[in-house]
Amino acid sequence: MRSPRSLAAVLLVLLLPALATAAVCGDSLVEPPEQCDEGAANGTPGSDCTAVCEEVIPALRVPGGGKKTSDCLVETVFDLAAPRVDSKGLPTMRQLCADGDPSCDRDPAAGACAFAFWVCVAGDDTRIGCAADHVAALQLRQPKANAMGVAAAARVELLDKLGAYQPTGPGEVCSGRMLIGVPVMKTVHIQLRATSGGGRVDTDTLRLRCE
């Protein structure tokens, strides 16, 4: 039988490669699961990277186009250099990206666009006159549970990032950063429904298109 000391030595040798490649936030190298790493600038004013190497959530919210007084129950925030906006300057629920465009495609691999975004609930939005309210439930309505292929993968990512959501607010709470892959010349539909404690409903349907 191998002695405890020798077994520990073997385990240490096996673990060394993993330890050597562990992500170190603040070393200016973006290593999984880091979203960014600007070294000493992390978490400082003007930096797009937090002190724990997560991307700073942009300020521009997508309200969704529903009833204004409840349209901020759930909002989306896209990581896009220039999101599509409507005539009022509000970002729209239909966003486009060209494969390989670094201003919107967060995956360098050819053949698909990777849209990055966050989902935020229970905030207020003075642009549309919507006051923050308690959100009692958040439901993923699309992609559906029986979805296949790309839509199924999108559903897994959405549920993973929304899984920690608890009824909250008023006071905005945002999900983790999501990354949804969309093949070239395809569109992925995402529908979320938030319900306030008083029964008000906000349903948003996002359309992500890769050109």
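Is F117 buried or exposed, and what is its relative accessible area?

A: F117 is buried, with a relative accessible area of 0%. Buried means under 20% relative accessible area, exposed means over 50%, and partly exposed lies in between (1.4 Å probe, protein chains only).

First, some ground rules. This is a predicted model, in which local features need pLDDT of at least 70, side-chain atom pairs count only at pLDDT 80 or more, and totals for chains, interfaces and linings use all residues. Residues are numbered from 1 along each chain as its sequence is written, and side-chain values use heavy atoms, with hydrogens and water left out.

The structure holds one aromatic pair. F117 forms this pair with F78, and the pair is tilted, at 5.5 Å centre to centre and 50 degrees between the planes. Rings of Phe, Tyr and Trp (its six-membered ring) pair if their centres lie within 6.5 Å; planes under 30 degrees apart count as stacked, over 60 as edge-to-face and the rest as tilted. F78 belongs to strand β1 and F117 to strand β3, so the pair ties together parts that are 39 residues apart in sequence. F78 also counts as buried, at 6% relative accessibility.

Next, strand β1 itself. Strands (E, at least two residues) and helices (H or I, at least four) are DSSP runs, numbered from the N terminus. β1 covers residues 74-78, and five of its five residues are buried, so the strand is largely enclosed by the rest of the structure. Both faces are covered. V74, T76 and F78 are buried on one side, E75 and V77 on the other.

β1 has a partner in β3 (residues 112-121). The two pair in the antiparallel sense over five bridges. Two strands pair if DSSP finds at least two bridges between them. V77 stands opposite W118 in β3.

Then the charged contacts. The whole structure has nine salt bridges. A salt bridge is a side-chain nitrogen of Lys or Arg within 4 Å of a carboxyl oxygen of Asp or Glu. One of them joins R177 and E55, at 3.0 Å from N to O. R177 lies in the loop between β5 (173-174) and β6 (178-183), and E55 in the loop between α1 (4-20) and β1, so this pair ties together parts that are 122 residues apart in sequence. R177 is buried, with a relative accessible area of 15%.

Another salt bridge links R127 and D125, with the closest N and O atoms 2.6 Å apart. Here R127 is partly exposed at 39%, while D125 counts as buried at 4%. K161 and D160 also form a salt bridge, with the closest N and O atoms 3.3 Å apart. K161 is partly exposed at 24%, and D160 counts as exposed at 51%. Salt bridges that share partners join E55, D79, R106 and R177 into one network.

Last, a sheet elsewhere in the model. Four strands form an open sheet in the order β2-β8-β7-β4, with mixed pairing. β2 (94-97) and β4 (135-142) stand at the edges, each with a single partner strand, so one side of each is left without a neighbour in the sheet. Strands β7 (residues 187-196) and β8 (residues 201-210) run antiparallel and are joined by nine bridges. T195 has V201 in β8 as its bridge partner.
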